[in-house]
Amino acid sequence: MRREWLVVPDTNFLLIPGQFGVDIIGELNRILDVKFKIVIPNVVIQELNVIEKKTRGKDLLAVRMAKKLTERFETVELGRFGERPIDDQIFDFAVKNGRVIVCTNDKGLKRRLREKGVPVVYLRSKKILELEGMLE
């Protein structure tokens, strides 16, 4: 059985460094006192590529920072891009695999995950990350 937790960020979570100047990796290390590994869903990388093509200015910078960040981590295959909403694919992966922490600011996804007992990390006050849920 896998001992470490998998930390799975959604697309908007990866935009936080570029949008709010928050060091999400440093913050994850600060708030998670468990062994963890960050994995990037394949569909999130594909969504970043799509967003990059239609974005300009400051937002484009945030997208490029997010893409650069994803290069540091392993990719996990969740499904096909565009087939089902990415939130649903992340939700199913988290519920099915156990020992998964999802990083999202999406209220609907966060609520659904918490109902299933999945821990969630989110941005609070646009400057720090916070963990909701128990890590056992």
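**Helix packing, nonpolar core and local backbone features**

Helix H6 (residues 86–97) and helix H7 (residues 107–115) have axes that come within 11 Å and cross at roughly 15°. The model is predicted, so local features need pLDDT of at least 70 and side-chain atom pairs count only at pLDDT 80 or more, while totals for chains, interfaces and linings use all residues. Residues are numbered from 1 along each chain as its sequence is written, and side-chain values use heavy atoms, with hydrogens and water left out. Helices (H or I, at least four residues) and strands (E, at least two) are DSSP runs numbered from the N terminus. Axes are lines fitted to C-alpha atoms, for helices over the stretch in contact, and angles run from 0 to 180 degrees between N-to-C directions.

On this basis H6 and H7 are roughly parallel to each other; angles under 35 degrees count as roughly parallel, over 145 as roughly antiparallel, 65 to 115 as roughly perpendicular and the rest as oblique. The crossing of H6 with H7 is right-handed, where a crossing is left-handed if the near helix is turned anticlockwise from the far one by less than a right angle, and right-handed if clockwise. H6 contributes Asp87, Asp88, Phe91 and Ala94 to the contact, and H7 contributes Leu109, Arg112 and Leu113; contact means heavy atoms within 4.5 Å. By class, four of the residues in the contact of H6 with H7 are nonpolar, none is polar and three are charged. Ala, Val, Leu, Ile, Met, Phe, Trp, Tyr, Cys and Pro count as nonpolar, Asp, Glu, Lys and Arg as charged, and the others, Gly among them, as polar.

Phe91, in helix H6, is buried at 12% relative accessibility; buried means under 20% relative accessible area, exposed over 50%, and partly exposed in between (1.4 Å probe, protein chains only). Apart from neighbours within four places in sequence, Phe91 is in contact with Leu109, Arg112, Leu113 and Lys116.

On the H7 side, Lys110 is found in the helix and is buried, with a relative accessible area of 18%. With neighbours within four places in sequence left aside, Lys110 is in contact with Thr104, Val120, Tyr122 and Glu132. Lys110 and Val120 are 10 residues apart along the chain, and their C-alpha atoms are separated by 6.6 Å.

Helix H4 (residues 42–53) packs with helix H5 (residues 57–70) at an angle of about 155°, the axes being 10 Å apart. H4 is therefore roughly antiparallel to H5, and their crossing is left-handed. In this contact, Ile45, Leu48, Asn49, Ile51 and Glu52 of H4 meet Leu60, Val63, Arg64, Ala66, Lys67 and Thr70 of H5. The contact of H4 with H5 has six nonpolar, two polar and three charged residues.

H4 also packs with H6, the axes coming within 10 Å and crossing at roughly 160°. H4 and H6 are therefore roughly antiparallel to each other, and H4 passes H6 in a left-handed crossing. Val43, Val44 and Glu47 of H4 and Ile86, Gln89 and Ile90 of H6 make the contact, which comprises four nonpolar, one polar and one charged residues.

Arg84 lies in the loop between strand S3 (74–76) and H6 and is partly exposed, with a relative accessible area of 38%. Beyond its neighbours within four places in sequence, Arg84 is in contact with Gln89 and Asp92. Arg84 and Val43 are 41 residues apart in sequence and 10.0 Å apart in space, C-alpha to C-alpha.

The largest nonpolar core has 44 residues, of which Ile24, Leu28, Leu32 and Val121 touch the most other members. A nonpolar core is a set of buried Ala, Val, Leu, Ile, Met, Phe, Trp, Tyr and Cys residues joined through side-chain atoms within 4.5 Å. H6 gives the most to this core, with five residues. Leu28 touches Val7, Phe36, Ile38, Cys103, Val121 and Leu129, residues up to four places away in sequence not being counted.

The loop between strand S5 (120–124) and strand S6 (128–132) holds Ser125, and Lys126 lies in the loop between S5 and S6. Ser125 is not a glycine, yet has a positive phi of about 55°; Lys126, also not a glycine, has a positive phi of about 55°. Most residues other than glycine have a negative phi. Lys126 counts as exposed, at 57% relative accessibility.
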